[in-house]
Amino acid sequence: MKAVVFEDYKTFPSLKEVDKPTPGPGEVLLKVAGAGCCHSDVSVFRDYTPETGKQTKPPFILGHETSGWIEEVGTGVTGFKKGDAYLVYGPTGCGHCKRCVAGEENYCENRATNKSLAIGLGRDGGMAEYMVVPARNLVPLGDADPIAAAPLADAALTPYHAIKAALPHLNGGGKYALVIGLGGLGQIAIQILKALTGATIIATDMKPEAMAKAEANGAIVVPSDENEVAAIREITGGRGVDAAFDFVGIAPTIAAAQAAGATGSRVTVVGIAGGKAEFDWYSKPSEQELMGVYWGSMPELHEVAALYRQGLITPEIETYSMDNALDAYHKLTDGKLSKRAVVVPHMGE
Ligand SMILES: [Zn+2]
Ligand SMILES: [Zn+2]
C-alpha cells in the first residue's frame, strides 16, 4: 500500500510503497477514510533531531489526526463491525498509569519510557491506505462523514480541551473569551466556545479572510495590531476578558493575551511557537493564570465527536488523493493552505 513516510531527521517525507499492516492482539486494522495534515508534522520532519526523544525516532508513517472504517480485528477484539466509521484518538500512553486509566494518555506519567508519543508520532499513523490502532483508541462516528471528521482528532480536540479546562472562568452571564490566531484551530475554537458557553467571543488575527470567517462564525473581530489590546478591553467595558486562548504562541501574542485579561482571568497557550512569557507583579492582572496544554483526553474526543454529529462543529477541509499527499505537505510548509488538508487514500472508490 502507499504511505507518507517520515524517513529521516530533517528530511521531507516521501510517498512510498510499504507492506499493509496486520492487527495484533487488542488492535484493529482500519481502512483509512481521512488523514489530516497538521502543522506539527512540519516540526517533525523539519526540526526534530535524536535529542527530541527516542519516541519520535524515524522511520514511521505520518498522520496523527485520522479516521477510518473497520477492516479487520486482531485477537481478543470484539464488538466491532466491518465498515463502521471511527475517529482515532492519537496519544499512546503506557495504558496503566493514573492518567492513562482516566483516558488522559496525552499526559501519561510514563512518557519517558513509552515507545511512541502517538499514532503518527513515533508509531505508524494514518497517512496510508490502511493503519493499525489499539481498539480502545477508537471513537464511533455513526453515520457522520468520516473524511471531514479526521481533523477533529487534533484540530478540534486540542482547542476543546483548552476551552473545557477554562469553563470555570466562562460560566455565568457577561463573560468574554478571546481567541488569538484564526487558522484551523482558532476557527474551530470559536465554534466550540459557542457550543459550550454563553460568552461573547472576541477574535484577532492579521489576515482579513480569517477575520471574515471568524465574524461569520459569530465572533467580534479585532485586527491584530498595536491597538488590539485597547480595542479588546473597550469591548469588555474596560474589565478585560475572562479567558484567552492563544493559538499562535509567540511572545507578542502571549503578552497581548495577558494584557487583555481581567483580574482572575486565564490565559491558555495552545500554539507551540515557543514564545517566552513575562511576568511582573505590577503590570499583570492579579490572580491571572497562565498555562500550556497538550492535546486532549479520550473522553473529550468522544464529546468532540458528539458535537460534530450534532452539527455544532464543522472543520473546513480541502481533500487530496494519496498521490497528491506530498503537495499538501508542501503547501502546509509554505503556509499556502487556508483550510485543513485531508488526505483521502480511497478517493473515488
Ligand atoms: Zn497535530
Ligand atoms: Zn500512562
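Rings of Phe, Tyr and Trp (its six-membered ring) count as a pair if their centres lie within 6.5 Å; planes under 30 degrees apart are stacked, over 60 edge-to-face, and the rest tilted. With that in hand, select Phe-6, Tyr-9 and Phe-60: ring pairs join them into a cluster.

A quick word on what you're looking at. This is a predicted model, where local features need pLDDT of at least 70, side-chain atom pairs count only at pLDDT 80 or more, and totals for chains, interfaces and linings use all residues. Residues are numbered from 1 along each chain as its sequence is written, chains are lettered from A and ligands numbered from 1 in the order in which they are written, and side-chain values use heavy atoms, with hydrogens and water left out.

Now switch to the cartoon view. Strands here are DSSP runs (E, at least two residues) numbered from the N terminus, and two of them pair if DSSP finds at least two bridges between them. Look for an open sheet of 3 strands in the order S2-S1-S4, with antiparallel pairing. S2 (14–17) and S4 (60–61) are at the edges with a single partner strand each, so one side of each has no neighbour in the sheet. Select residues 2–6 to see S1, which pairs with S4 over 2 bridges in the antiparallel sense. Phe-6, from the ring cluster, stands opposite Phe-60 in S4.

Back to the rings. The whole structure holds 7 aromatic pairs. One of them is Trp-281 with Tyr-282, edge-to-face at 5.4 Å centre to centre and 80° between the planes. Are these two buried or exposed? Both Trp-281 and Tyr-282 are exposed, where exposed means over 50% relative accessible area, buried under 20%, and partly exposed in between (1.4 Å probe, protein chains only).

Next, pick Tyr-294 and Trp-295, an edge-to-face pair with 5.9 Å centre to centre and 75° between the planes. Tyr-294 is partly exposed, with a relative accessible area of 25%, whereas Trp-295 is buried, at 4%.

A charge sits over a ring if NZ of Lys or CZ of Arg is within 6 Å of the ring centre and within 35 degrees of the ring normal. For another example, select Lys-20: Lys-20 lies over the face of Tyr-130, at 4.2 Å from the ring centre.

How values were computed
Helices (H or I, at least four residues) and strands (E, at least two) are DSSP runs, numbered from the N terminus.
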